Amino acid sequence: MAAAPGEPSWKWRRIIIYAVLAWACYQLFILVDAQDTRLNETIAWGWQLVVMVLVTGYTGFATAQDIAAIWTTRTARPYSDPPQEPTPPPPADQTIVVVPQKPSGGE
């Protein structure tokens, strides 16, 4: 779905978050067959922390950015085009004058 004009792009956020999540999942995959040590426990807690921070950053900070845009523009849809002024109606006292044309013949 294409972003509306003026709306911030999520492309780079998604690239960074998915790359970090893929790396974190790979690290967790390595720990599956590893020995049960304090180091592996710390790495697993770090993995959970990375996932929580990414989800919070992906959703929470984007929401904060939207709220800031709403406060700045003072409208419920800050990324949409500004409302257009309505076209004024024609004047009520408008009169139509029909002028007959003379024939351009050989008279």
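1. The interface between the two helices comes first. In α1, Arg13, Arg14, Ile17, Tyr18, Val20, Leu21, Ala24, Cys25, Leu28 and Leu31 meet Asn40, Ile43, Ala44, Trp47, Val50, Val51, Leu54, Tyr58, Ala62 and Gln65 of α2, where contact means heavy atoms within 4.5 Å. The residues of this contact divide into 16 nonpolar, 2 polar and 2 charged. Nonpolar covers Ala, Val, Leu, Ile, Met, Phe, Trp, Tyr, Cys and Pro; Asp, Glu, Lys and Arg are charged, and the others, Gly among them, are polar.

2. On the basis of the model: it is predicted, with local features needing pLDDT of at least 70 and side-chain atom pairs counting only at pLDDT 80 or more, while totals for chains, interfaces and linings use all residues. Residues are numbered from 1 along each chain as its sequence is written, and side-chain values use heavy atoms, with hydrogens and water left out.

3. The protein chain has 2 helices and 0 strands (DSSP runs numbered from the N terminus: helices are H or I with at least four residues, strands E with at least two). Helix α1 spans residues 11–32 and helix α2 residues 38–73; they pack at about 165° with axes 10 Å apart. Axes are lines fitted to C-alpha atoms, for helices over the stretch in contact, and angles run from 0 to 180 degrees between N-to-C directions. The two helices are therefore roughly antiparallel (an angle over 145 degrees).

4. Asn40, in helix α2, is buried at 15% relative accessible area, and touches Leu31, Ala34 and Gln35, leaving aside residues up to four places away in sequence. Arg14, in helix α1, is partly exposed at 40% relative accessibility. Buried means under 20% relative accessible area, exposed over 50%, and partly exposed in between, with a 1.4 Å probe and protein chains only. Arg14 and Tyr58 are 44 residues apart in sequence, and their C-alpha atoms are 8.3 Å apart.

5. For the chain as a whole, buried residues make up 9% of the 107 residues. Of the contacts with a separation of 6 or more, 58% join residues 24 or more positions apart.

Terms used. Angles under 35 degrees count as roughly parallel, over 145 as roughly antiparallel, 65 to 115 as roughly perpendicular and the rest as oblique.
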